[in-house]
Amino acid sequence: MMFQKTAAIAASVLLAGLAGCAKPETAAAPAAVDTAKVAETIKADVNQLVADFMSKDVDKAVSHDAPDYVGMFHGQPNVVGPAGDAEITKLQMADPNADLKITIDAVDVAQAGDMAVARTTYAYTFSDPATKAAKTEHGNWVLGYKKQADGAYKVAWAVVSDTPAPAAEAPAAK
């Protein structure tokens with residue numbers, strides 16, 4: 001009788017242990033992300049951001065920023081948050097020579113679709129502080145986008161780095 005009780009207990013322990021080895025139920029796989037569609041969304045947002053800047057609407061321009069936005073501009077302290085970006089943007093928009101032209105070179109989207117990086121080249125015309133004459137700076141503008149809780153993509157960080165002006169085209173041979 002003792003042997004039967006011990007055998008029953010051992011069998012119960014063994015079955016409980018084996019139950020723990022059972023294959024867990026698999027969670028549903030996340031839906032595939034259409035990264036090409038996300039890339040088009042990001043391109044449209046970058047172009048709208050430039051249009052909002054050129055319209056001199058500070059609120060619209062900084063509405064593209066995520067709440068934790070950080071702007072990194074060559075030789076300047078980091079700009080933090082949409083409020084910090086608004087301060088800088090107001091100064092830029094007050095410049096009568098302010099003009100921004102960009103070319104979107106690439107948009108890379110994370111496979112999960114939660115982040116993307118837009119890489120552009122730019123030509124930014126502004127008033128030279130010393131001469132007040134129009135001056136054009138060329139460079140790279142890299143924008144890191146993060147998907148927000150509401151599904152929108154916002155700029156989480158941006159890096160602006162000037163480059164030498166493009167070489168002038170040689171005159172056509174005669």
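Which residues is I42 in contact with, once its neighbours within four places in sequence are left aside?

**View 1. The overall fold of the predicted model.** This predicted model shows a protein with four helices and six strands, and from the N terminus on these elements follow the order α-α-α-β-β-α-β-β-β-β. Of the 174 residues in the protein, 32% are buried. Among contacts between residues at least 6 apart in sequence, 53% join residues at least 24 apart. The protein exposes about 11400 Å², and carbon and sulfur atoms supply 61% of that area.

**View 2. I42 and the largest nonpolar core.** Leaving aside neighbours within four places in sequence, I42 is in contact with V107, A116, A118, Y145 and Y153, which answers the opening question. I42 belongs to the largest nonpolar core, a set of 32 residues in which I42, L100, W141, L143 and Y145 have the most contacts. The elements giving two or more residues to this core are α2, α3, β1, α4, β3 (99-109), β4, β5 and β6. Helix α2 gives the most, with seven residues.

View 3. The buried residues of α4 are G81, G84, D85, A86, T89 and M93. An α-helix has 3.6 residues a turn, so residues three or four places apart point the same way.

**View 4. The largest pocket and its lining.** The largest pocket has a volume of about 880 Å³. Its lining is made up of 30 residues, and those lying nearest the centre of the pocket are F73, I88, Q92, Y124 and V160. At least two lining residues are supplied by each of α2, α3, β1, α4, β4, β5 and β6. The largest share of this lining, five residues, comes from α4, the helix whose buried residues include A86 and M93.

**View 5. K154 in strand β6.** K154 is placed in strand β6, which runs over residues 153-163, and K154 counts as partly exposed because its relative accessibility is 24%, where the cut-off for a buried residue is under 20%. Leaving aside neighbours within four places in sequence, K154 is in contact with S63, H64, D65, A66, G144, Y145, K146 and Q148. One of these, G144, is ten residues from K154 along the chain, and the C-alpha atoms of G144 and K154 are separated by 8.3 Å.

**View 6. Two lysines with positive phi in loops.** K56 lies in the loop between α2 and α3, and K56 has a positive phi of about 60° although this residue is not a glycine. K132 is found in the loop between β4 (115-127) and β5 (134-147), and K132 likewise has a positive phi, of about 65°, without being a glycine. Are these lysines exposed or partly exposed? K56 counts as partly exposed because its relative accessibility is 42%, whereas K132 is exposed, with a relative accessible area of 58%; the cut-off for an exposed residue is over 50%.

**View 7. Q111 in the loop between β3 and β4.** Q111 lies in the loop between β3 and β4, and at 66% relative accessibility this residue counts as exposed. Not counting residues up to four places away in sequence, Q111 touches V33 and T35. Although Q111 and T35 are 76 residues apart in sequence, the separation between their C-alpha atoms is 6.8 Å.

**View 8. G75 in the loop between β1 and β2.** G75 sits in the loop between β1 and β2, and G75 is exposed, with a relative accessible area of 81%. G75 and V160 are 85 residues apart in sequence, and their C-alpha atoms are 9.9 Å apart in space. V160 is also one of the residues lying nearest the centre of the largest pocket.

Conventions
Residues are numbered from 1 along each chain as its sequence is written. This is a predicted model: local features need pLDDT of at least 70, side-chain atom pairs count only at pLDDT 80 or more; totals for chains, interfaces and linings use all residues. Side-chain values use heavy atoms; hydrogens and water are left out. Buried means under 20% relative accessible area, exposed over 50%, partly exposed in between (1.4 Å probe, protein chains only). Contact means heavy atoms within 4.5 Å. Accessible areas come from the Shrake-Rupley method with a 1.4 Å probe; for residues, only the protein chains shown count as cover. A nonpolar core is a set of buried Ala, Val, Leu, Ile, Met, Phe, Trp, Tyr and Cys residues joined through side-chain atoms within 4.5 Å. On a 1 Å grid over the protein atoms alone, a cavity is a set of points where a 1.4 Å probe fits but cannot get out, and a pocket is an open set with protein on both sides within 12 Å along at least five of seven lines; lining residues have an atom within 4 Å of a point. Grid points are joined across faces, edges and corners, and a volume is the space filled by probe spheres set on the points.
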